[in-house]
Amino acid sequence: MSRVYNFCAGPAALPEAVLKQAQSELLDWHGKGLSVMEMSHRGDEFTSIAATAEQDLRDLLGVPDNYKVLFMQGGASQQFAQIPLNFLAEGATADYIDTGIWSRKSIEEASRFGNINVAASAKEYDYFAIPGQNEWQLSKDAAYVHYASNETIGGLQFDWTPQTGDTPLVVDMSSDILSKPLQVCRYGMIYAGAQKNIGPSGLVVAIVREDLLGRARASCPTMLNYKVAADNGSMYNTPPTFSWYLSGLVFKWLKEQGGLEAMAKINHAKQALLYQTIDASDFYSNPVASNARSWMNVPFRLADAKLDKAFLAGADERGLLNLKGHRSVGGMRASIYNAVSLEAVEALVAYMQEFEKERA
C-alpha cells in the first residue's frame, strides 16, 4: 500500500509514524491486553497517557504554570458559545476582529450572549489583508478581545500578536497551533480544534490563564464551564480518550522532530516554495497580501476556472488529494500542516508546473 499526499484542510494528515504506532498498539497497549479505546478513563493506564500528553504539550509551547491545559470534547465551533458563557458577564461587551468566515461565525455565535463590538474587519480589504491595530476600535471596558490567528478558508494569517493591555486576548489557533513557537503568556486563552495540527477530530484543546476561571455566568451549562473542566482534570465526564491518546503521540513526534523551532523552519520552507511557484506564474494566483499569507492554508486559482476539474483529476491521479477549495470560495487550496512533508509540497509544485506547461 502506498500513502498519498493529503492536502485536506481537516480532518487533516497525521504523521505516518504516529499512525503506525497507533496501529501497533491498537489491540494491545503496552502489554496490557486491551486497546486504549477500551480503557477506563479513570484507570492508571489512561491517566498516565493523559498526563504525559499534557506535559508534552506544555513543553512544546512553553506553557507557564499559571495556565490550565484542557482536553475537551467538541470542535472549536463549540468554543464560539463557550467563551462568552465563561468570560462575558450579562450586559458586558467583548471585542471581536473579523478576518474571515471562521471569525464571522464566532461573532455571530457570541452575539447570542452579549454585546459584541466588531473592533476591526478585513471586509474593506475584501478579506485579502488584515487591518493593522492602528485601525482597530477597541472598547475601553471589553471583557476580552477575540481573533482567529489563521483563517483556514481565506488563507489569512496574523504575523503579529495584538496588544490589548490588561484586556485578556483570546485566540482561535485551530489551524496554526504548533506550527511555530509562540509566547503563551501574551494570551488569556488559546484554543484549537484538534483535527488540523494536533490530532484527530472530536477533541478541542484550550489553554486558559487561571485567573480567568470561575467567571462563568450562572446559566452556563456545567459541561461548558472551564473551571469545572480544570477542577476535574478534563474528566468531569468520559473524555474523547482515543483522540487524546493520538494527540499525545503527535506531541511526542513533534518533540522528536526537534520541537516547534524545527517545525517552523520546515513550514517556512514549504510555504515559501508554494507561494514562489504561484507568484512566478501568470497561470496561478493568490490575492492575499504578502504579510498576511497563511503558512498552513494556501488558496490559489487557475487563470481559467474551466480547467479546475482537469487540474483536480490530474492531481488525484498523482496521489495529490483534497486540493479543491472550500465550497464558499472555490478555486484550489493546499493545506500544508505539520504532517504534510516538504516532499509533498515539492510533488505538488512539480505537478502545478507540469499542468501549466500543458494547458497555458
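1. Threonine 152 touches Ala9, Trp102, Ser175, Lys196, Asn297, Arg333 and Tyr337, leaving out residues up to four places away in sequence; contact here means heavy atoms within 4.5 Å. The model is predicted, so to speak of local features requires pLDDT of at least 70, side-chain atom pairs count only at pLDDT 80 or more, and totals for chains, interfaces and linings use all residues. Residues are numbered from 1 along each chain as its sequence is written, and side-chain values use heavy atoms, with hydrogens and water left out.

2. Threonine 152 sits in the loop between strand S6 (150–151) and strand S7 (156–157). Helices (H or I, at least four residues) and strands (E, at least two) are DSSP runs, numbered from the N terminus. Threonine 152 counts as buried because its relative accessibility is 5%. Buried means under 20% relative accessible area, exposed over 50%, partly exposed in between (1.4 Å probe, protein chains only). Its side chain makes a polar contact with the side chain of serine 175, at 3.2 Å. A polar contact is a pair of N or O atoms within 3.5 Å; within protein, one must be able to donate a hydrogen and the other to accept it, and residues adjacent in sequence count only if both atoms are side-chain atoms.

3. The unreviewed entry places "binding site" at Ala76, Ser77, Trp102, Thr152, Asp172, Gln195, Asn237 and Thr238. These positions spread over 163 residues of sequence, and in space up to 30.7 Å between C-alpha atoms. UniProt positions follow the numbering used here, feature names are shortened, and annotations may be inferred rather than shown by experiment.

4. Aspartate 172 belongs to strand S8 (residues 169–172). At 7% relative accessibility, aspartate 172 is buried. Beyond four places in sequence, aspartate 172 touches Ala76, Phe80, His146, Tyr147, Ala148, Ser149, Asn150 and Tyr191.

5. Next, the cores. The largest nonpolar core has 54 residues, of which Leu61, Leu178, Ile190 and Ile207 touch the most other members. Such a core is a set of buried Ala, Val, Leu, Ile, Met, Phe, Trp, Tyr and Cys residues joined through side-chain atoms within 4.5 Å. Helix H6 (residues 241–256) gives the largest share of this core, eight residues. Another core, of 27 residues, lies apart from it; Phe300, Leu307, Ala315 and Val345 are among them.

6. Aromatic pairs number 18. Rings of Phe, Tyr and Trp (its six-membered ring) pair if their centres lie within 6.5 Å; planes under 30 degrees apart count as stacked, over 60 as edge-to-face and the rest as tilted. Phenylalanine 311 and tyrosine 351 have ring centres 5.0 Å apart and planes at 40°, so the pair is tilted. Phenylalanine 311 is in helix H8 (residues 308–317) and tyrosine 351 in helix H9 (residues 342–359), so the pair ties together parts 40 residues apart in sequence. Phenylalanine 311 is buried, at 0% relative accessibility. For phenylalanine 311 and phenylalanine 355, the centres are 5.2 Å apart and the planes at 85°, so this pair is edge-to-face. Ring pairs join Phe283, Tyr284, Phe300, Phe311, Tyr351 and Phe355 into a cluster.
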